Amino acid sequence: MSNEAKLELDGKTFTLPTLTGSENEKAVDISALRANTGYITIDDGYGNTGSCTSNITFIDGDKGILRYRGIPIEELAEKSNFVETAYLIIYGELPNHAQLKKFSDLFTENQYLHEDMKFHFQGFPGGAHPMAILSAMINAASCFDDDLMRWQWGRNKQFDIYVARLLSQVRTIAAYSYRKSKGLPLIYPKQSYKYTANFLHMLFSTPYEDFELKPEVVKALDLIFLLHADHEQNCSTSTVRMVASSQANLFASCAAGVCALWGPLHGGANQAVLEMLAQIHKEGDDGSKFITAAKDKNSGKKLMGFGHRVYKNHDPRAKIIKKACDEVLSKLHITDPLLDIAKKLEEAALKDPYFVERKLYPNVDFYSGIIMRAIGIPVEMFTVIFAIGRMPGWIANYKEIMEEPKSRIYRPRQIYTGKTINEFVPLDKRK
Ligand code: CMC
């Protein structure tokens with residue numbers, strides 16, 4: 001069988017090459033289509049467009065499979081932790097003892113922000129959303145390093161140091177963003193704490209008393225980071241690649257990722273889920289009225305935390321997180337009426353023909369908000385937690401673009417549907 005595609009256009013037949021990925025995913029290569037035929041393709045929302053080849057993450061949405069560098073997410077969730085998984089995603093292999101120690105030591109060495117950055121935090125108004133502060137401050141951090149300001153891939157100090165600095169400092173910036181938004185004094189990181197414990201310390205300790213680090217709380221948050229660590233060409237990762245393709249520096253590219261993640265259809269969904277559940281609870285609804293509204297296109301409501309562009313069976317992260325959610329709540333002896341509403345909503349939606357026919361299942365955000373609430377993370381920090389978790393994926397995609405010798409600037413085309421040539425009317429003659 002031929003592995004070329006044939007396209008008939010304007011009475012001519014054109015041949016298009018195809019390519020097959022390592023998991024048998026197939027694509028028609030249209031990169032020479034316009035040059036050969038004068039046509040471009042249109043694919044609103046990029047649902048059928050492969051923007052790159054990548055060897056970082058594999059998803060089979062029909063089967064509910066997610067693997068980082070070939071390792072199933074279920075296995076990583078059980079046996080690994082966020083820092084080790086971050087190394088795997090960025091460098092392609094699980095680290096040995098020495099590599100992991102070096103990686104962790106670099107985090108500790110690079111965890112402090114430049115002291116002058118504190119003045120930038122002061123400029124934000126109280127109540128500013130931590131996602132706005134996070135993206136601004138990641139970008140601002142690049143102003144404190146000459147090499148980042150004059151970034152040229154391959155000519156900078158070791159990339160590894162910037163990787164560690166970004167991964168480590170995103171946690172410091174995130175914690176400071178929250179404390180700033182609440183008018184609380186900033187808490188410095190501690191040398192002796194590991195990644196996730198240190199974040200909780202910076203978020204919740206006071207100048208007088210260290211936050212009590214319950215192991216189940218640290219473990220649950222670490223799992224949330226790990227489950228979010230990469231997810232192939234989603235909206236924020238594609239944004240990072242888009243910015244990186246112009247040869248912008250690592251911090252600028254990842255700050256753009258934070259902005260893309262903020263929206264409620266992407267990372268902002270975890271905050272939106274909790275707000276939805278709280279609203280349902282407040283109105284005394286058991287979820288059934290909300291489900292009816294979510295099916296009505298005129299209501300302006302959606303069942304947040306449901307549906308996914310890629311997963312059409314189940315989101316494997318949601319399965320893991322639902323189990324973790326039950327465990328954490330039972331260990332911490334918490335009963336949460338919002339969890340009961342979430343379970344009822346899920347049960348009802350999974351039986352409802354509207355959701356079944358459209359293959360809408362709970363996604364990672366449906367239960368992650370409940371765990372975060374249980375462990376005391378403020379709701380406006382939910383998407384920030386997602387951003388910290390996604391950082392390894394953004395960095396790995398940045399690195400992949402930079403290491404690709406044939407990489408070009410991302411520059412899609414469009415079909416113009418506006419006015420054809422138009423006359424300039426002087427101001428005093430306009431109606
Ligand atoms: N509630 C009600 N209807 C929905 C929902 C939902 N959550 N999601 C999709 N639909 C409907 C949609 O209206 C459309 O109906 P119809 O065919 O009658 O026009 C159909 O299902 C197909 O949806 P779509 O809009 O083509 O799906 P998409 O691939 O463009 O969007 C999505 C995917 C995740 C943005 C969407 O499902 C959604 O808005 N979900 C709620 C927000 C959410 O939970 N986002 C987090 C995604 S997971 C975290 C991440 O990776 O970002």
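The questions and answers below go through a predicted model of one chain.

User: How are the residues numbered, and which rules apply to the values of this model?
Analyst: Residues are numbered from 1 along each chain as its sequence is written, and side-chain values use heavy atoms, with hydrogens and water left out. Since the model is predicted, local features need pLDDT of at least 70 and side-chain atom pairs count only at pLDDT 80 or more, while totals for chains, interfaces and linings use all residues.

User: How many helices and strands does the chain have?
Analyst: Helices (H or I, at least four residues) and strands (E, at least two) are DSSP runs, numbered from the N terminus. On that basis the chain has 19 helices and six strands.

User: Why does the radius of gyration agree with a compact globule?
Analyst: The radius is taken over C-alpha atoms, and the globule rule is 2.2 Å times the number of residues to the power 0.38. For 431 residues a compact globule would have a radius near 22 Å, and this agrees with the chain because its radius of gyration is 23 Å.

User: What share of the residues is buried?
Analyst: Buried means under 20% relative accessible area, exposed means over 50%, and partly exposed lies in between (1.4 Å probe, protein chains only). Of the 431 residues in the chain, the buried share is 47%.

User: What share of the contacts with a separation of 6 or more joins residues 24 or more positions apart?
Analyst: A contact means heavy atoms within 4.5 Å. Among contacts in the chain with a separation of 6 or more, the share from residues 24 or more positions apart is 70%.

User: Which residue takes a positive phi in the hairpin of S2 and S3?
Analyst: S2 pairs with strand S3 (residues 26-28) in the antiparallel sense, over three bridges. The hairpin has five residues between the strands, and the residue with a positive phi, near 70°, is Asn 24.

User: Which are the edge strands of the open sheet of three strands?
Analyst: This sheet has the order S4-S5-S6, with antiparallel pairing. S4 and strand S5 (residues 65-68) pair over four bridges, and Thr 57 stands opposite Tyr 68 in S5. An edge strand here pairs on one side only, and the edge strands are S4 (57-60) and S6 (71-72).

User: Is Asn 198 buried or exposed, and which residues is it in contact with?
Analyst: Asn 198 lies in helix H9 (residues 195-204). Asn 198 is buried, because its relative accessible area is 0%. Leaving aside neighbours within four places in sequence, the residues in contact with Asn 198 are Gln 111, Arg 171, Pro 189, Lys 190 and Tyr 193.

User: Where is Arg 358, and what is its relative accessible area?
Analyst: Arg 358 is in the loop between helix H17 (353-357) and helix H18 (364-374). Its C-alpha atom is separated by 40 Å from that of Pro 215, which is 143 residues apart along the chain. Arg 358 is partly exposed, because its relative accessible area is 39%.

Terms used. Pairing = 2+ DSSP bridges.
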